[in-house]
Amino acid sequence: MTEASSAKSSRRPHWRRDIVELAALFTAVAAADAVANTVVHGPRGPVLLCSAAVALLATAGFHIWWSRRHENAPPPTDTGATAPSSAGRAPGADGQETALWRMRTTVRDEPGSLAALCTALGAHRVDILSLQTHPLSDGTVDEFLLRAPGALTPAELTRAVAGAGGTHSWLERADAHDLVDAPTRMLGLATRTALDSAELPLSLRQLLGRCTIHSVPARSLRGQPLAEQVPTEGVLEEHLMKFRDPSGGSLTIERPQLPFTPTEFARVRALVDLDARLGQRVPPRRDVLTLPEGNEITIRRADTSDLAAAREMHDRCSSKTLGLRYHGPVGDADRYLGHLLSPRFGRTLAVETASGRLVALGHLLWDGDETEVALLVEDAWQQRGIGAELLRRLVAMAAEAGCESVYAVTQASNTGMVAAMRGLRLPLDYQIEEGTLVITARPTGRPAAREPQESIRLHDGSGRR
């Protein structure tokens, strides 16, 4: 925006300079005519001729001085906008702090509406770093990435936008990640989704910002139908989108604070279609570790293809171990495995022995900023550090996914889980709820936020995760 404004100003005619030049030209012609008549008919012709030459030289010198003075002057509409930088707050050209903002507003679909809005932002020394337009039937939604002076308050910014004709405005702080252009961002999200089925909810969250995502399976754990029938093309409402989940259920996305646009709907549908076409997939990485006693184990990602092996491990586990893990009737444990092993609801790590026997499972279940972590280690393989290793890896995955906190639901008598959480060396919160111990760790090391945030919530329809 700054370069465009400067270029426009440089092309603006300087009418005062043109008048001066024209007057000087007429004066020079009249003086030349008078001098010529005097030289021809007067007795002092040579003296007048020399005087005229001096006058012409003085006029030419004045013209040169005037032109250079105005060519070096700054454009009259100089906004003084700061250049973009990669940080959320950075000093501007005048040494003052600036802040990044994401803003969305609706303007009339007519010529000049966007120009009026940009002029109002420029008057407050706001630099427009990027702009996306979302055409609607009754107007156009413009989405900006702005760099504004740090002293400019959100209220002042929104008032300026409203005064320029913007309606239904929405403003949110941005960071350096928002500086990536939309095509590059979509390619990155598509790559994440293509490599791992568990990445779809996280990619949607990154694309849409603060929102709530409900992933409902086709049937409950007891076989009751849950998901509604969603049309193949999906459903778009003002604050809600619905799609068919590739697993046969439904995917519902809600964002009460900001309406969805047709452009966002098309982008989400493209990611959901990509996920459906590729089918269930997990990264093939396998890590081999040696336990203190010398036994080798393999840690890898698990999915629903491990369902039979997980059920066999359940049969080898004691009722006490299963009770500590599932916090309910042990007979229902097998029903949860299909849900827990699905990449749609999170990530699962499996531990295998050298002979290929499954002896432990670690689950990272998407529940917004407070992602749940859960462990199940077969009795014969407990107290060997397997649970601690799984927990460390799961928390690292949560941090990579941008989760602000990870919580574990257990009992105070489960000393192994308590010790493993303390071994993370992260800030921990302890809370007792009806005899159940909830331990929350924060991978970023930051304390808990005072205000609750919108989050992804993935439900299986049974009240359990």
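Predicted model: local features only at pLDDT ≥ 70, side-chain atom pairs only at ≥ 80, totals over all residues.
1. Let's start with the second largest pocket. The space in it comes to about 640 Å³, and 28 residues line it. If you want to find the middle on screen, look for Val377, Gln382, Asn414, Gly416 and Met417, which lie nearest the centre. Helix H10 (319–326), strand S14 (370–377), helix H12 (386–400), strand S15 (405–410) and helix H13 (415–422) are the elements that each give two or more residues to the lining.

2. Which element gives the most to that lining? It's S14, with six residues.

3. Just past the helix, His327 has a positive phi of about 55°.

4. Next, the largest nonpolar core, which has 33 residues. Val351, Ile386, Leu390, Leu391 and Met421 are the members that touch the most others. At least two residues each come from strand S11 (296–302), strand S12 (346–353), strand S13 (358–365), S14, H12, S15, H13 and strand S17 (436–441). H12 is the top contributor here, giving seven residues.

5. Setting aside residues up to four places away in sequence, Leu391 touches Val373, Leu375, Met417, Ala420, Met421 and Leu424.

6. Phe243 and Phe265 are stacked, 5.2 Å centre to centre with 20° between the planes. The pair ties together distant parts of the chain, 22 residues apart: Phe243 sits in strand S8 (residues 240–244) and Phe265 in helix H8 (residues 262–278). Phe243 counts as buried because its relative accessibility is 3%, and Phe265 counts as buried at 10%.

7. Now helix H4 (residues 113–123). Its buried residues are Ser113, Leu117, Cys118, Ala120, Leu121 and Gly122. What covers them? The cover includes strand S2 (97–107), strand S3 (127–136), strand S4 (139–149) and helix H5 (154–163). After H4 comes Arg125, with a positive phi near 60°.

8. Glu172, in strand S5 (residues 167–173), is a charged residue by class. Buried or exposed? Glu172 is buried, because its relative accessible area is 19% and the cut-off is under 20%. Apart from neighbours within four places in sequence, Glu172 is in contact with Trp101, Arg102 and Arg210.

9. Last, a loop residue. Gly248 lies between S8 and strand S9 (250–254), and counts as partly exposed because its relative accessibility is 47%. Gly248 and Pro217 are 31 residues apart in sequence, yet 6.6 Å apart in space, C-alpha to C-alpha.

Note on methods:
Residues numbered from 1 in each chain as written. Heavy atoms only, no water. 1 Å grid on protein atoms, 1.4 Å probe; cavity = no way out; pocket = protein on both sides within 12 Å on 5 of 7 lines; lining within 4 Å. Points joined across faces, edges and corners; volume = space filled by probe spheres on them. Helix = DSSP H or I, 4+ residues; strand = E, 2+ residues; numbered from the N terminus. Core = buried A, V, L, I, M, F, W, Y, C linked by side-chain atoms within 4.5 Å. Buried < 20%, exposed > 50% of the residue type's maximum accessible area, 1.4 Å probe, protein only. Contact = heavy atoms within 4.5 Å. Phe/Tyr/Trp six-rings, centres within 6.5 Å; stacked < 30°, edge-to-face > 60°.
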